Amino acid sequence: MRKVKVSAVQMKCTTDVWENIANAEKFVRQAKKDGANIVLLPELFERQYFCQERRYDYYNFAKPTLENDAVKHFAKLAKELEIVIPVSFYERDENRLFNSAAVIDADGEILGLYRKTHIPDDHYYQEKFYFIPGDTGFKTFKTKFGTIGVGICWDQWFPETARALALNGAELIFYPTAIGSEPILECDSMPHWRRCMQGHSAANVIPVIAANRIGREDVIPCDENGNQTSSLVFYGSSFITNETGEIIKSASRDEETVLTAEFDLDEIFQNRLGWGIFRDRRPDCYKVITEK
């Protein structure tokens, strides 16, 4: 048996970077007390979701990996607590800016980066203004507690992300997230959001861990954002599925919390083999037919 405990942190984010880092650390330590080996924090948790508005000065939030405050802080904490922590952050690589996740192993070493592949551009989710599409491909990371895959938020809606991670050997898939209200569409996307990832979990026979933020975040009009007024209410609802896509741990829409679940990776591997999903794949047949 290879048993591993995973946690998803659901938290509110303010405009104060160090306040958010301290709050995140509190929850990571709580997860460790619950026995967690791998702890997931939400997407871009260092500050409020700045992509709600367009401001050129916000480009200055981006830092190289080894200079990012959250990466440096949680590398030390991962080593102290001997846990794995994927850290979502705004990355600067020379003249390029990415929405990235640094995967920190239980010894505090950074195993590598995943750069968000799918970049949304919608009302108040204006990420194409800040990030270019990732160039890492769908990577897996061999951590002390198993091989993990990481996708970031909008990646959650694409079955190709989860399938590629599973094909590359992921035993668990983690999705740091920042998603909430859809003011223009006037719909509640939360159930749809969950069902997409439950489907990825079931189709690949692999647990999925999703961590979202909560709370209302408002944009104050100013010259820098063209006097935009808007707000988003992030709906939390973080969750953990088992390998069949069943939600086994679930958070509310509006409370900070830590979810924890335990898995036997060897047992899940046997279940994955038993279903024959990867044995019976036919990539040669999956062509998009454009000719009539």
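How many salt bridges does the count come to?

1. Basis. This is a predicted model, in which local features need pLDDT of at least 70, side-chain atom pairs count only at pLDDT 80 or more, and totals for chains, interfaces and linings use all residues. Residues are numbered from 1 along each chain as its sequence is written, and side-chain values use heavy atoms, with hydrogens and water left out.

2. Salt-bridge count. The count comes to 19 salt bridges. The rule asks for a side-chain nitrogen of Lys or Arg within 4 Å of a carboxyl oxygen of Asp or Glu. Side chains of opposite charge can pair when their charged atoms come close.

3. Arg2 and Asp266. These two form a salt bridge, with the closest N and O atoms 2.9 Å apart. The pair links distant parts of the chain, 264 residues apart: Arg2 is in the segment before strand S1 (3-12), and Asp266 is in helix H5 (residues 265-275). Helices (H or I, at least four residues) and strands (E, at least two) are DSSP runs, numbered from the N terminus. Arg2 has 34% relative accessibility and so counts as partly exposed. Asp266, at 29%, also counts as partly exposed. Buried means under 20% relative accessible area, exposed over 50%, and partly exposed in between (1.4 Å probe, protein chains only).

4. Arg253 and Asp188. In this salt bridge the closest N and O atoms are 2.5 Å apart. Arg253 sits in the loop between strand S15 (247-250) and strand S16 (257-264), and Asp188 in the loop between strand S10 (172-176) and H4, so the pair ties together parts 65 residues apart in sequence. Arg253 is partly exposed, with a relative accessible area of 36%. Asp188 is partly exposed too, at 44%.

5. Arg213 and Glu217. Their side chains meet in a salt bridge of 2.8 Å, N to O. Both residues are buried. Elsewhere, salt bridges that share partners join Glu91, Asp93, Arg96, Arg115 and Asp135 into one network.

6. Helix H4. Buried in H4 are Met190, Trp193, Arg194, Cys196, Met197, His200, Ser201 and Asn204. They cover an arc of only 155° around the axis, which puts them on the same side of H4. The arc is that of the directions from the helix axis to the C-beta atoms. Val205 follows H4, and its phi is positive, near 50°.
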